[in-house]
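Please examine the model shown below before reading the explanation that accompanies it.

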Amino acid sequence: MAYNYGLAPGTTHKISPSSSSAATSTAFNAETVFVRIVATAAMNVTFAATPTATAADLYIPAGTIEILKVPEQGVKFAAIGTGDCYITELS
């Protein structure tokens with residue numbers, strides 16, 4: 001199935017939580033409105049200025065593509081799980 005959201009891809013961040021919360025090192029670009037998330041293993045994810053992901057946060061199944069709205073400017077992304085998580089900024 002093809003997806004066409006009419007959004008331009010920007011920076012892709014990769015984080016590898018290894019069973020404890022890991023966050024992007026920099027905040028998203030000011031023009032970023034949405035992010036595309038793909039994880040190689042099941043993950044729980046969150047956004048915040050200084051995020052820490054927990055098992056109670058949004059669940060992302062392995063191998064699925066999620067498009068999420070960035071809640072506000074200046075936030076980072078964190079995930080907890082055992083695989084790699086790729087987050088692409090979209091504007």
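The model is predicted: local features require a pLDDT of at least 70, side-chain atom pairs count only at pLDDT 80 or more, and totals for chains, interfaces and linings use all residues. Residues are numbered from 1 along each chain as its sequence is written, and side-chain values use heavy atoms, with hydrogens and water left out. The pLDDT, which is the predictor's confidence in each residue on a scale from 0 to 100, averages 92 over the protein, and 95% of the residues score at least 70. Helices (H or I, at least four residues) and strands (E, at least two) are DSSP runs, numbered from the N terminus.

Of its 6 residues, 5 are buried, so S7 is largely enclosed by the rest of the structure; buried means under 20% relative accessible area, exposed over 50%, and partly exposed in between (1.4 Å probe, protein chains only). Two strands pair if DSSP finds at least two bridges between them. Strand S4 (residues 43-48) pairs with S7 in the antiparallel sense over 6 bridges. Within this pairing, Ala48 stands opposite Lys76, and Asn44 has Ile80 as its bridge partner. Strand S2 (residues 22-23) also runs antiparallel to S7, joined to it by 2 bridges, with Ala23 opposite Ala78.

Strand S4 pairs with S5 as well, antiparallel and over 3 bridges; here Met43 stands opposite Ile60. As 5 of the 6 residues of S4 are buried, S4 is largely enclosed by the rest of the structure.

Thr46 lies in strand S4. Thr46 is buried, with a relative accessible area of 18%. Leaving aside residues up to four places away in sequence, Thr46 touches Pro51, Thr52, Ala53, Asp57, Lys76, Phe77 and Ala78, where contact means heavy atoms within 4.5 Å.

The structure holds 1 cavity of 30 Å³ or more, a cavity being a set of points on a 1 Å grid over the protein atoms alone where a 1.4 Å probe fits but cannot get out, with lining residues having an atom within 4 Å of a point. The largest cavity has a volume of about 30 Å³. Its lining consists of Phe28, Asn29, Ala30, Thr32, Val70, Glu72, Gln73 and Gly74. By class, this lining has 3 nonpolar, 4 polar and 1 charged residues.

Note on methods
1 Å grid on protein atoms, 1.4 Å probe; cavity = no way out; pocket = protein on both sides within 12 Å on 5 of 7 lines; lining within 4 Å. Points joined across faces, edges and corners; volume = space filled by probe spheres on them. Nonpolar A, V, L, I, M, F, W, Y, C, P; charged D, E, K, R; others polar.
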